[in-house]
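Subject: Aromatic contacts in the new model

Hi there,

Here is the structure I promised to send over. Could you take a look at it when you have a moment?

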Amino acid sequence: MINQSTLAALRAMKLTAMADELEAQFTDQTTYSQLGFEDRLGLLVDAEWNRRKSNKLLRFIRNARFAEPGATIEGIEYHEDRKLDKAQILRLASCQYIEDGHHIILKGASGNGKTYLSNALGNAACRKFKSVRYIRMPELLDELSVAKGCGTFRKTIKSYQKVELLILDEWLIRTLKPQEAYDLLEIVETRCKEGSIIFCTQYEMEGWYERINPDPDNDSPISEAIMDRIIHNAYDIRIGGKISMRERRSFKVSSKSGASHG
């Protein structure tokens, strides 16, 4: 009776992992009776601590809104033609670049795995309990436009300032309108003061200026301001690949399917 009331009290206090561990100890008296009080208490605390850490990690990953939530550093494929520096990727996975306030620019053709790599680095940041947000640039521009119309623009800007790592996919996928360029400067400016950005793009930095400035006949101080805040403080990583990652994965699936029918 005392056991059941204790379990009920633990669950009422939302100490469910501790309650489960205590129930296991009650069930297997033979094994746990050989342990002292401190050891058994330590197991209870460890169970609750590990459960809460796991739940916290899942919450960080969910809040990041990754395009590929299952992307991991261990899952990155280092094919020779991709020309990825594994040692560099592992160093970045330590998240020191976030502590130092640096950015990462991932460049490569469509389908070469920029999104996966950025999400894997984001996942690594979540595992160190750093706040992360992933978003495609067209969606970000739409969100800022709507926020402006609703009168919540400053609040939206602050929400992007709070995260420690912002992942911008499809960076400069299209040429910006003048107001969009200004809005983007607001985002980049907030990230320069604290936090880091991972940019996923198909374009060389030399071509950024014209895509930020839709009027190439006139100099754009906004273009210069955005680029100056990024390129001098970023790790520049090119992802090669004669075959896109989509083709590689399709080939793997078809090979496995063929093998299962062979």
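Below is what turned up when I went through the aromatic rings and the charges next to them.

Please keep in mind that this is a predicted model. The structure holds four aromatic pairs, and I will walk you through two of them.

F60 and F129 make an edge-to-face pair, with 5.9 Å from centre to centre and 85 degrees between the planes. F60 belongs to helix α4 (residues 37–64), while F129 sits in the loop between α7 (114–127) and β2 (132–136), so this contact ties together parts that are 69 residues apart in sequence. At a relative accessible area of 17%, F60 is buried; F129, at 24%, is partly exposed. F129 also has a charge above its ring: the charged end of K56 sits over it, 4.8 Å from the centre.

The other pair is W171 with F199. Their ring centres are 4.7 Å apart and the planes meet at 65 degrees; over 60 counts as edge-to-face, so that is what this pair is. Distant parts of the chain are linked here too: W171 is in the loop between β3 (165–169) and α10 (178–193), F199 is in strand β4 (residues 196–201), and 28 residues separate the two. Both W171 and F199 are buried. Together with W208, they form one aromatic cluster.

Finally, which ring does the charged end of R211 sit over? That ring belongs to Y203, and the charged end of R211 is 4.0 Å from its centre.

Methods:
Residues are numbered from 1 along each chain as its sequence is written. This is a predicted model: local features need pLDDT of at least 70, side-chain atom pairs count only at pLDDT 80 or more; totals for chains, interfaces and linings use all residues. Side-chain values use heavy atoms; hydrogens and water are left out. Rings of Phe, Tyr and Trp (its six-membered ring) pair if their centres lie within 6.5 Å; planes under 30 degrees apart count as stacked, over 60 as edge-to-face and the rest as tilted. Helices (H or I, at least four residues) and strands (E, at least two) are DSSP runs, numbered from the N terminus. Buried means under 20% relative accessible area, exposed over 50%, partly exposed in between (1.4 Å probe, protein chains only). A charge sits over a ring if NZ of Lys or CZ of Arg is within 6 Å of the ring centre and within 35 degrees of the ring normal.
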